[in-house]
Amino acid sequence: MTGRILFITENTLHGNASRFTTWFGGLIIGGVGGVLYGAVMGAFGLNGVQVLYSAAKVPLLLAATTALALPSFFVLNTLLGLRADFGRAVRAVVGTQAAVGVVLAALAPYTALWYLTSGDYHEALLFNGLMFLVASGSAQWVLRRRYRPLIAANRRHRLMLWAWVVVYVFVGTQMGWVLRPFVGSPDHPPTFVRPAAWGNAYVVVFDLVVNEFRRR
Amino acid sequence: MNVLRQLDRILRGDALDRGPTGRRLDFAVAPLVVLAVLLAASYGACMGAFAVLARDTPEWRQVLASAVKVPLLFVLTLVVTFPSLYVFSALLGSRLRLPDLLRVVTAGLAVLVTVLAAFGPIVAFFSVSTTNYPFILLLNVAVFAAAGGFGVTYLYRAVARTAADPRPDDESADADPEEDERDVRAARRERDRDTRRVFVVWVLVFGLVGAQSGWILRPFVGSPDLPFTWFRPKQGSFFEGVGTSVRGLFGGQSR
């Protein structure tokens, strides 16, 4: 059993899970990885409820972002004449989510160590942001590897690859904002999503930058 | 189901090839128009979803209003611009007849509304998760611009292919035998070029009229600071509105 799990994990990370069972197994392992990282991420305030919430929310973040970005990906692929390869393209982009989950799980010990060494909430937020950046950045290797044969067959796939990354990041950023808190402020009771605090990630970042410049 | 297959053929570009009847864009217009209206309405509903959570009391009427107004926007713009397209196209000697023009334009609009509907879930997600009105306005303008880009590209391809097809009733085909064949070909090429130019101009006009029609039919999103209304009083223009949204967004107006 362990051998099978490792086999699927390695194939997911290598980006060469060609059989459906291996690819789907990779998704399950990636989902479990996301749950694991979420649990560690939510352990900042040592509150069991927040641990459960965050464990559920990390895979939800990846799955919901992918689900929202897929319809436009389908139509744009069709319009660019890439419909015949759409199955492989979907396996590439969805398989990449599995890789993100696996990488996040591998980074979970770092986050746990950080929580042990620093009790600062804002530093914890930044550290987790960095871990997500590392996980999603390194999963691009898997995406590129899976897309390489597609691009070799038709160069328009390169355009679709970039389109996917742009739409995914655009939606994912807002999804992360909507689903917060992931870390859980020790000053607030645990909650699945913050009530009446949805707002817009881009506008908040923009306001922060503008306010910073105005202060100087 | 058949109409979905037709739409799929259009999106794949297969409909631009000659069908079993020897014609390009060989599809029934009416069912495709119905499907396009439904797709446009679904995007409208996603647009109007902003009024559900951004207000203190959810305004469901805006969802209904936008679902009706987005298809209406395209119909109104088409009603205003299509006659001039046909007349100028014929004036410059285009070989595209009225049914051909109708099919070309329907296919282009079908592509446009399909792209809109495909981005609908993303727009709906942002609509229900953000309260910043200028952001949502600009997001919708960006999605319309992207969808318009795909629609126009398709339209241009369709015109280039369809206009170049010889016609069985083309009188230049049995032109004066004394006339040099090269002259006939050159004249046809020039005519096809003119047809494409007419379409480029028409697309620009369609965009401008569409933008202004959208302004007339506003609100589509519904400002959270204003009570619900089916239409707003006549003032300003689309471009002034976009400028105000950009200033609002960069002025740090967030709620």
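Which residues form one aromatic cluster with F73(A)? I found F74(A), F86(A), W164(A) and Y168(A) in that cluster.

Ground rules first. I'm looking at a predicted model, where local features need pLDDT of at least 70 and side-chain atom pairs count only at pLDDT 80 or more, while totals for chains, interfaces and linings use all residues. Residues are numbered from 1 along each chain as its sequence is written, chains are lettered from A and ligands numbered from 1 in written order, and side-chain values use heavy atoms, leaving out hydrogens and water.

Next I looked up ring pairs: 20 aromatic pairs over all chains. Rings of Phe, Tyr and Trp (its six-membered ring) pair if their centres lie within 6.5 Å; planes under 30 degrees apart are stacked, over 60 edge-to-face, the rest tilted. I checked F126(B) and F135(B), a tilted pair with 5.8 Å between centres and 35° between planes. F126(B) is buried at 0% relative accessibility, and F135(B) is buried too, at 9%. (Buried is under 20% relative accessible area, exposed over 50%, partly exposed in between, with a 1.4 Å probe and protein chains only.)

Then charges over rings, meaning NZ of Lys or CZ of Arg within 6 Å of the ring centre and within 35 degrees of the ring normal. I noted R180(A) over W177(A), 3.7 Å from the ring centre, and R218(B) over W215(B), at 4.0 Å.

Last, chain A overall. I see 48% of its 216 residues counted as buried, and its C-alpha atoms fill a box of roughly 55 × 50 × 30 Å along the principal axes.
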